[in-house]
Amino acid sequence: MHDAAIIQSFFLIFSGAAILAAAALYTRQPFLIAYIVLGLLLGPYGLGWVGDTALLAEIAEFGIVFLLFLVGLDLQPKRLRNMLGESLLTGLLTTVLFCSLGFVVMQAFGFSRIEALIGGVALSFSSTIMGIKLLPTTVLHHRHTGEIVVSLLLIQDLFAIIALLVIAGIGETLDSTLSGLTIVLLTLPLLGLAAWAGLRWLVLPLLRRFDAFTEFIFLLALGWCLGLASAAQALGLSFEIGALIAGVSLASTPVAPFIVENLRPLRDFFLVLFFFTVGASLNGALVLEVWLPTLCLALLLVASKPPIFAALLGWQGENRNTAIEVGCRLGQASEFSLLLSYVAAAAGLLSVEAAHVIQGATVLTLVFNTYLVIFRFPNPIAPLAHLRRD
């Protein structure tokens, strides 16, 4: 995609997003749905005005990276350790339950065992982007609900990375797959140690010396975020995990609130691209051919995830209202669901039809769950004034 094509694509995406966002405001619909619909309309399977979405997808990943970085900026290391310990059991049990549910449904519609297993694994995770995006700042920063949501999402993200390694390793030797998993378990604490050392002997001295220059703080934060994200990717983890660690390492510094405020517009810019590419990646004609398993899988997930999360959290002693709200906020599939389907399809483990069932069900759960949350719980994009919080 050459420079002129990139500029034209950005013009079409953001002009179209502004038009559909205005329509969404008039009709009291969430912006995120408008961005996905725009991708369906302008993408290669729609009008084809934005034909090459591969580069846009890579650019859009910055949105996820910045989102996790901002989340990490509010998580003190000690607090994060306590949260993960409390949520590990819930994360494990829900992953097994939702994986089994997805497996049974896809088997019932005639897909092979490996396709059903991959589909079950992919759809067992909840969306980090949607979970954080629909949390008001006050809930994310100051309430136990936000702590539970974030900790469960982080655990699921780690499980998703392990699943990606396993799927990528199918067809290779068992030793190479186990070796990849061992590397992940070893490199995660190694990256955390490197972040602590870099913060102590590089970042903090620079901040103390040049804290009066806001532009420098902004650039240092970007460099720290993207540097650790790249290091994590090189070590076999993911950009997102590295960005989260970068944020956590800076959470105890006095500049954390300044960085949060200044990176939000940049994050939102890239997230528009992300949701556009989600819609653009769907072949509408093919989705219509497999509409029944896609719809059944999506409805079953949206209907079962909230009560299962709520029941497990209630069993562990959480307040009933808190457990229900957390369950509803985690009641969708994940961006990792899409990524797993792409990797499995590229490895020849999924048919085109099975991949589109997973992708279509993921998008439908994002749409359905967004409506459930924005009309029931406080959130930044609520069409109803009494629920709008940020």
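Which residue just after α10 takes a positive phi? It is G236, with a phi of about 95°. Welcome to a short tour of a predicted model, in which local features need pLDDT of at least 70, side-chain atom pairs count only at pLDDT 80 or more, and totals for chains, interfaces and linings use all residues. Residues are numbered from 1 along each chain as its sequence is written, and side-chain values use heavy atoms, with hydrogens and water left out.

**Helix α10**
- Helix α10 covers residues 214-234; helices here are DSSP runs (H or I, at least four residues), numbered from the N terminus.
- Its 21 residues reach 30 Å from first C-alpha to last, close to the 30 Å expected at 1.5 Å a residue (the expected span is 1.5 Å times one less than the number of residues).
- Among the buried residues of α10 are I217, L220, W224 and C225; buried means under 20% relative accessible area, exposed over 50%, and partly exposed in between (1.4 Å probe, protein chains only).

**Cysteines**
- C225 has a relative accessible area of 0%, while C296 is partly exposed at 31%.
- The whole structure has zero disulfides (pairs of cysteine sulfur atoms within 2.5 Å).

**The salt bridge**
- There is one salt bridge in the structure, defined as a side-chain nitrogen of Lys or Arg within 4 Å of a carboxyl oxygen of Asp or Glu.
- It joins the side chains of E325 and R329 at 3.0 Å, N to O.
- These two residues are separated by about one helical turn, because they sit four residues apart in helix α15 (residues 320-329).
- Both partners are buried: E325 has 7% relative accessibility and R329 has 2%.

**Aromatic rings**
- Seven aromatic pairs turn up in the whole structure; rings of Phe, Tyr and Trp (its six-membered ring) pair if their centres lie within 6.5 Å, and planes under 30 degrees apart count as stacked, over 60 as edge-to-face and the rest as tilted.
- F10 and F14 make an edge-to-face pair, 6.0 Å centre to centre with 80° between the planes.
- Both lie in helix α1 (residues 3-27), and together with F269 they form one aromatic cluster.
- F98 and F309 form a tilted pair, since their centres are 5.5 Å apart and their planes at 50°.
- F98 belongs to helix α4 (residues 77-108) and F309 to helix α14 (residues 291-315), so this pair ties together parts 211 residues apart in sequence.
- The charged end of K305 sits over the ring of F98, 5.2 Å from its centre (NZ of Lys or CZ of Arg within 6 Å of the ring centre and within 35 degrees of the ring normal).
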